[in-house]
Amino acid sequence: MESSEAIWRTVLLLDYNTRLVVLATALLGLASGLIGTFLLLRKRSLMGDTLAHATLPGLSLAFLLFVTFGGSGKSLPVLLLGALAGGGLGALGVLWIRKYTRLKDDAAMGIVLSVFFSAGVVLLSMIQKIPGASAAGLESFLYGSVASMVLTDLYVLMGAAIFATALALLCHKEFRLLCFDEHFALSQGWPVRRLDAALLGIVTLITVAGLQAVGLILMIAFLIIPAAAARFWTDRLDLLLLISALLGAVSGWLGAGLSAVLPKAPAGAVIILCATACFILSLLVGRQSGLIWRVYRQTQLKRQTTHQHLLRAIFEMTESRPESAVTQGALAARRSWTRRELCRGIRRACKRGFIEATASEEWKLTPLGIVEAIRLTRNHRLWEHYLLEYADIAPAHVDHNADTIEHVLDPGLVRRLEARIGKLYPKGHGMTPDLPPSPHQIAQSSERSSS
Amino acid sequence: MSNATQDHRARPSASTPSAISIRDLTVAYQQKPVIWDIDLELPKGALIAVVGPNGAGKSTLLKSALELIPRTAGEVLVDGAPFRKQRHRVAYVPQRESVDWDFPVNALEVVTMGTYRRLGWFRPVTRACRERARNALAQVGLADYATRQISKLSGGQQQRVFLARALAQDADIYFMDEPFAAVDASTEQAIVELLHTLRSAGKTCLVVHHDLATVPRYFNWLVLLNMRVVKSGPMDETFTAENLRKTYGGKLSLMSDAISAFSQQAKS
């Protein structure tokens, strides 16, 4: 098909006419992915949206003024300066409302966003009635249009994107501190307000630069979605910035490529849909907290828990006579596990060589299984003792699924728990001197198995 | 546990300048004073507890002294010089709840933030900074947790990460806001040991504390606060039933706590 070939040619930069557009939009995506991460971490997403919407009256006023003084009205630098001023005024408006009224941030931003945007829409409709002044270019600032961009537009866009990227990288350490703990930053003497202003300044720059390609309504999505998607892949800030920038660049690249071929669809929407595709992909397969991995880990956890319960159950039922066997019926009665869970658990433990069948539906621990069961039981009982010992603060720390208790609690604390248990039950108690007894009564296995 | 009150206790005298002087400090929100006319001379090398009922302005005192919130009036001197000029010598340990622990950094990266100011603008984090942060983490007993994401630390460990970050600043004066709040026994122990280490290195610690029972054991200087300073002085002179009653007033449940703590202290 011809159109799909055209799309490929565009995306692969084979088409000379669109090559620069695609590259410039990818660069914009890189910059907005980078700065968007800080915006998201600073929890100022709505502020970015407010800024973007507040550019519209600035744009329209600049156009009107320029037309009044005899220009054609379509000079890009003038329009962008107007947009910049509009965005800046919007941000100041938010700060002003916050300072002098009792309204909270979200209300202040909601007010500024809607007031500025409606003023912009009204101005836009006035512009369209001016005879002779072609306002067609202005409409593209709403939803974005890569087709209408000319060479100088692209240079402006690329310059702004590179400048914003450089600034974000330069202030990387300062922004990290600002986003994590502003009070600490302040106590160290960092000018937190100026850093905040710098962050919003870069956001404004990127927003204004992206007006033509993405449009002011959807620009916030281009800032936030790559960062949100990257969060599924990592919990390290450096990697987060890298991945977010990459995802932004990829969505800009694909989006611009697609919309160059489909000039009727607004470019902003196409680009954001590409970013959303990246987001959904990350949501599903993200290595850190993607859905598939979460489900996988949960299944593993469940399996592991059943495994631990099984070995511990057999061990505790036969603690005094470790070589004896237990019946499946007795095991089933011991815990509230379904028959299927139990059968699966037994099958897996057999395969791993922890238990063996002595007769039909009768099982005992292998020597390997005894070692493993002792380890598991020790962990479990240490946790129980810990809970008894530190009932007031313990629940926050308990992690029954930690492979060993030492992975969660300090070694010192574990030693103290062991020491306390050791004092209560001197060595030589039972068959395993290093195994703390359960703090509660263990149901006698013989009673259960005989019934 | 060694008893902080008994060995060489810090007293202010004319010859040694105060580590921290707070003069006429007043903070008001919408005309309503939160703390007012705070005058404090705090001696160098002391472990100072700031104690008072809820809403007494303990955190406000710390924050306004550090200029994190605007003061209505007053000044703060550090070693006789204005706070602004001495800021680099002061480290702050905020309350644990003040940050989002889901933030994508690990323990070591948080502690490294303590070295940022020394690095200055735009300079990237150096290996020396990371080394210093690693040492600070080891000092609070978290050497093995350096690469753990901070949301996966226990509450007590998070508190220790904050302390390590302050240590990495290598300051002379430490302001700590409720470091003992809701921590486990081993963390409490680690913090107490840390306070003693800091004191033997000649550092001054100003600590907001809420547990009257442990105040006389952990600290050697007491500031009783209830919107104004009720009393400030060496622990054994200041920690009296009379002063506690003045601080806690009619809050009966707290009063009984205070009195039982006081009688415990008297017995020991």
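Colleague: In this predicted model, which residues of the largest nonpolar core touch the most other members?

Modeller: The model is predicted, and its largest nonpolar core holds 177 residues. H2(A) gives the most to this core, contributing 14 residues. The residues that touch the most other members are Ile35(A) and Ile48(B).

Colleague: With which residues is Ile35(A) in contact, leaving aside its neighbours within four places in sequence?

Modeller: Ile35(A) is a member of the largest nonpolar core. Once its neighbours within four places in sequence are left aside, the contacts of Ile35(A) are Ala164(A), Ala168(A), Ile202(A), Val203(A), Ile206(A) and Leu223(A).

Colleague: Which residues does the second, separate core include?

Modeller: Apart from the core of 177 residues, there is a second, separate core of 18 residues. Its members include Leu310(A), Leu311(A), Trp363(A) and Leu365(A).

Colleague: How many residues of helix H11 of chain A are buried?

Modeller: Helix H11 of chain A spans residues 219-230 and is mostly covered. Its buried residues include Met219(A), Phe222(A), Leu223(A) and Pro226(A). The count of buried residues is 12 of 12.

Colleague: Which helices of chain A are included in what covers the buried residues of H11(A)?

Modeller: One of the buried residues of H11(A) is Leu223(A), with which Ile35(A) is in contact. The cover of the buried residues of H11(A) includes helices H2 (16-41), H3 (45-68), H10 (192-210), H12 (237-261) and H13 (267-285) of chain A.

Colleague: At what angle do the axes of helix H4 and helix H5 of chain A cross?

Modeller: Helix H4 covers residues 76-100 of chain A and helix H5 covers residues 105-129, and their axes come within 9 Å. H4(A) passes H5(A) in a right-handed crossing. The axes cross at roughly 145°.

Colleague: How many nonpolar, polar and charged residues has the contact of H4(A) with H5(A)?

Modeller: On the side of H4(A), the contact is made by Gly86(A), Gly90(A), Gly93(A), Val94(A), Ile97(A) and Arg98(A). H5(A) brings Asp105(A), Ala108(A), Met109(A), Ile111(A), Val112(A) and Phe116(A). By class, the residues are seven nonpolar, three polar and two charged.

Colleague: Which helix supplies the largest share of the side of chain A that touches chain B?

Modeller: The contact takes 24 residues from chain A and 25 residues from chain B. Helices H8 (172-180), H9 (182-187), H12 and H18 (411-424) of chain A each supply at least two residues of the side that touches chain B. The residues of that side divide into 12 nonpolar, seven polar and five charged. The largest share, four residues, comes from H9(A).

Colleague: What percentage of the residues in chain B is buried?

Modeller: Chain B contains 11 helices and 10 strands, whereas chain A comes to 19 helices and three strands. In chain A, buried residues make up 43% of the 451 residues. For the 268 residues of chain B, the buried share is 47%.

Colleague: Is Arg123(B) buried or exposed?

Modeller: Arg123(B) is found in the loop between helix H4 (116-119) and helix H5 (127-139) of chain B. Because Arg123(B) has 11 other C-beta atoms within 10 Å, Arg123(B) is exposed.

Colleague: How far apart in space are Arg123(B) and Leu77(B)?

Modeller: Arg123(B) and Leu77(B) are 46 residues apart in sequence. Taken from C-alpha to C-alpha, the distance between Arg123(B) and Leu77(B) is 30 Å.

Terms used. Residues numbered from 1 in each chain as written. Chains lettered and ligands numbered in written order. Predicted model: local features only at pLDDT ≥ 70, side-chain atom pairs only at ≥ 80, totals over all residues. Buried ≥ 20, exposed ≤ 12 C-beta atoms within 10 Å, placed from the backbone. Contact = placed C-beta atoms within 7 Å. Axes fitted to C-alpha atoms, helices over the stretch in contact; angles between N-to-C directions. Left-handed = near helix turned anticlockwise from the far one by under 90°. Nonpolar A, V, L, I, M, F, W, Y, C, P; charged D, E, K, R; others polar. Core = buried A, V, L, I, M, F, W, Y, C linked by C-beta atoms within 7 Å.
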